[in-house]
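Dear colleague,

Here is the structure I promised to hand over, with my notes on the spaces in it and on the ligand below. Please look at the model first and then read on.

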Amino acid sequence: MQNIIEPFRIKSVEPIKMSTRKNREFYLQAAHYNPFLLPARDVIIDLLTDSGTGAMSSEQWAGIMRGDESYAGSISFQRFEKSIQNIMGFKYVIPTHQGRAAERILFSIMCKKGQVVPSNTHFDTTRANIEFQGTEARDLRIPEAMDPELLHPFKGNMDLDKLQQTIDSVGKENIPLIMVTITNNSGGGQPVSMANIRGISEIARAHGIPFYVDACRFAENAYFIKLREEGYARKSVKSIVKELFSYTDGCTMSAKKDGIANIGGFLCSNDEQLADKEKDLLILTEGFPTYGGLAGRDLEAIAIGLNEAIEEDYLRYRIRSTQYLGDNIASAGVPIMQPPGGHAIYIDARSFLPHIPPHQYPGWSLACELYVEAGIRSVEVGAVMFGIHDPESGKDVTLPELDLVRLAIPRRTYTQSHIDYVIEAIINVYRRREKIKGLKITRQTQYLRHFTAHFKKL
Ligand SMILES: *Cc1c(COP(=O)(O)O)cnc(C)c1O
C-alpha cells in the first residue's frame, strides 16, 4: 500500500472551536499581533510546539489510574525505572519534572566556571543552564547544517574535527562533558548518524571526557538511522536505540517529547557516585528520588509512552506525516529547510517574504498571516526571538541570520485531513505573499521578548 495511515483509532475527542477570518482578525488584534498571547481556544490547529501536546494512548490513560502515589518506593517508579533501563540501558535513573530540571542538576554538579561544553547544537534551556554555571556552551555543527536548502541525510551531526580542535585548544580538563542533541531541535529536527555518535564517543573516551545525550527525540532519531544509514535497515529501532546509548555515559530527557507524556523528564547515568550527588540535589529542589517532582501517575504515563514511541508503525507514520507536510508545501514553491525534520517543518520566511526587511520581522508577519488565514498557530524562530535591541531606543542592534517559521507537529494529535488543511492555508498565503506587510514592535521586555511583545501592522 502507498498510503500510510495513522496507526491508531480515536476513542476520545476534543472539540475544536471553528472561527471565521473576521473573528481571527479581531482575536489577533486583541492579542497585539502576538500569537503567544492568543487564548488556545481561539486556535484551530496549534503547531506552536510538540512539547507535552501529544495525545496519550488508552494504555497510558489506564496507567494514569494505576499510578501509585506513595511518597517513597512507589511501584510506578519501579515501572518507570525498568522501562528506561530496558530501552536505554542506563543503570541509574532519576525522575525530574521536566528536561530542564535534569539539565540543571547535571550541569550544577559537572560544570565549573570557565569550562566549555561542546555540542552539535545546544537547545536553548540547555545552553541557559550551562551558562548559568559560568560555563561556555559551544555549538559545533557540520558546515552542511548552515545551508537551509542543502540535502544531507544527517544534518544534525557534530563536526568531529572541530570537536578535536576544541579539546586541543581548551584542554580536556576544561571540558566537563560533551553533549549531543538528538534529533537536533534547534537545527530543524535533523538527525545525528550512528557513525557520528560512535565518532564522538571514541574522541570522548580517548580523553576520558563523559559523553551525554540530550535524548528528547531519541526514537525519531533512531528511525532516521534505520531509514538512512547503511547497515541499519534490517535492525529494529529497539536495537538501534540500545546501540546508540551504549556509546554514551548518560542522558537528559524531556518526556514531553518522545515520552509522549504531558509532563516529566529524567536524568540517567552509569556512575553511582555521580548519581548519588544528583539525588542529593534532586531532594533539595525536585523531590524524593522515587518521584522527583512528578506524580506516580505521570511516571506510569512515561513508562508506557517511551515504549510506544519506539514502535515502528508509530515511527513510520510520525516521520512520514511530518515529511508529508514539508513535501506538499515545498512542491508548491514554499521555501522550507530541507530535508524535513522529525518533529517540525521550518519555513524560510525571508525567502517567502523577500519584500519585508528583517527589521520588519518577516517570520512574525508570516506566523500572523497563517493565523488569520486558517487559525493555525506556528512560531517565529528569527528576528523577534533572537534579535537583540537597545533598551533605550528600542531599536534592534543585532538580528539573526535566518527568519524561520516553525510548524511543530504534536504526536498522534492531528489527522491527515488537519494537515491537508494546513497545507492549503500555507499555499493560499504563499499566493498572496506580495500583499503581506511587516510589523513594528510597540512594547517589549529586555529578555525573551517574543513571549510578551506587542506589535503594530505597518
Ligand atoms: C524540550 C527540550 C528540552 C527541555 O525540556 P523541557 O521538558 O521543556 O524542560 C531540552 N532539549 C531539547 C532538545 C528539547 O527539545
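Helix α2 gives the most to the lining of the second largest pocket, with three residues, in what is, please bear in mind, a predicted model. That pocket holds about 1,400 Å³ of space, and of the 38 residues that line the pocket, S12, A55, M56, R412 and T413 are the closest to its centre. The elements that give two or more residues to this lining are α2, which spans 58-66, and α12, which spans 312-331. Domain 1 (21-50 + 312-457) and domain 2 (58-309) each supply at least three residues to the lining of the second largest pocket. Sorted by class, the lining of this pocket consists of 16 nonpolar, 10 polar and 12 charged residues.

Turning to the ligand, which residues come nearest to it? Of the 14 residues around the ligand, these are R100, D214, R217, S254 and K257. The shell around the ligand has six polar and six charged residues, together with two nonpolar ones, and helix α4 (residues 99-110) provides the largest share of that shell, namely three residues.

An N or O atom in the side chain of K257 is 2.7 Å from an oxygen atom of the ligand, while a nitrogen atom of the ligand has a polar side-chain atom of D214 at 2.7 Å. The side chain of Q98 also takes part, with an N or O atom 3.0 Å from an oxygen atom of the ligand. On its own the ligand has 380 Å² of accessible area, and the protein covers 98% of that area.

Rolling a probe the size of a water molecule over the atoms shows where empty space is left. How many cavities of 30 Å³ or more does a search of the whole structure find? The search finds two, and the second largest cavity contains about 30 Å³ of space. The lining of this second largest cavity is made up of S365, C368, E369, K437, L439 and K457, and helix α14, covering residues 362-374, gives the most to that lining, with three residues. By class, three of the residues lining the second largest cavity are charged, two are nonpolar and one is polar.

With best wishes

Key
Residues numbered from 1 in each chain as written. Predicted model: local features only at pLDDT ≥ 70, side-chain atom pairs only at ≥ 80, totals over all residues. Heavy atoms only, no water. 1 Å grid on protein atoms, 1.4 Å probe; cavity = no way out; pocket = protein on both sides within 12 Å on 5 of 7 lines; lining within 4 Å. Points joined across faces, edges and corners; volume = space filled by probe spheres on them. Helix = DSSP H or I, 4+ residues; strand = E, 2+ residues; numbered from the N terminus. Nonpolar A, V, L, I, M, F, W, Y, C, P; charged D, E, K, R; others polar. Near = heavy atom within 4 Å. Polar contact = N/O pair within 3.5 Å; in protein donor to acceptor, adjacent residues only side chain to side chain. Areas by Shrake-Rupley, 256 points an atom, 1.4 Å probe, with all protein chains shown as cover. Domains from an automatic or database assignment.
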